[in-house]
Amino acid sequence: ETTAPVEGSAAVPPCASPLSHADAIAVVHGGLRAGDVVRLAAAANEVGAQVYTIDRPYQDTQNRVARRLLLRPRELLTFVRRGAGSLSGSLIVQEPLGPGLREILEAEREQHMA
């Protein structure tokens, strides 16, 4: 049975190979997996384009998320459920991220990349 991914989901397909530490972080925090980067670089190379990594260091994002969730148990629970669902390949519709986490995981990173 195939289920359509949730909007903004980076869920891992159930048959995927084991994730590296970096890939697991990318899945949970909305980054690119190593295989995606390799394919992107190969496609860019074919047309003579350059690729630049411009996202902030994942530790910065990870620390911002941790500080946000430290005293917000409900938001922490939602984040953990979403992360576990993404890592297990579960594409069940989940609660949306709260505005604070969306700010960190989307708006701040977009601003950094602008």
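In this predicted model, the chain holds five helices and zero strands. Read from the N terminus, the order of elements is α-α-α-α-α.

| Element | Residues |
|---|---|
| Helix 2 | 34-46 |
| Helix 3 | 58-69 |
| Helix 5 | 99-113 |

**The interior**

Of the 114 residues in the chain, 24% count as buried. The largest nonpolar core consists of seven residues, namely Val-65, Leu-69, Phe-79, Leu-97, Leu-101, Ile-104 and Leu-105. Helix 3 and helix 5 each contribute at least two residues to this core, and helix 5 provides the largest share, with three residues.

Phe-79 belongs to this core. When residues up to four places away in sequence are not counted, Phe-79 touches Val-65, Leu-69, Leu-97, Leu-101 and Leu-105, and also Val-28 and His-29. For the chain as a whole, among contacts with a separation of 6 or more, 62% join residues 24 or more positions apart.

**The surface**

The accessible surface of the chain amounts to about 8100 Å², and carbon and sulfur atoms account for 58% of this area. A nonpolar patch on the surface is formed by Leu-32, Val-37, Leu-40 and Val-51, which together have about 330 Å² of accessible area.

Is Val-51 buried, exposed or partly exposed? Val-51 counts as partly exposed because its relative accessibility is 44%, and this class lies between the limits of under 20% for buried and over 50% for exposed.

Methods: Residues are numbered from 1 along each chain as its sequence is written. This is a predicted model: local features need pLDDT of at least 70, side-chain atom pairs count only at pLDDT 80 or more; totals for chains, interfaces and linings use all residues. Side-chain values use heavy atoms; hydrogens and water are left out. Patches are made of residues with over 30% relative accessible area and no salt bridge: like charges are joined within 9 Å, nonpolar side chains (Val, Leu, Ile, Met, Phe, Trp, Tyr) within 5 Å. Accessible areas come from the Shrake-Rupley method with a 1.4 Å probe; for residues, only the protein chains shown count as cover. A salt bridge is a side-chain nitrogen of Lys or Arg within 4 Å of a carboxyl oxygen of Asp or Glu. Helices (H or I, at least four residues) and strands (E, at least two) are DSSP runs, numbered from the N terminus. Buried means under 20% relative accessible area, exposed over 50%, partly exposed in between (1.4 Å probe, protein chains only). A nonpolar core is a set of buried Ala, Val, Leu, Ile, Met, Phe, Trp, Tyr and Cys residues joined through side-chain atoms within 4.5 Å. Contact means heavy atoms within 4.5 Å.
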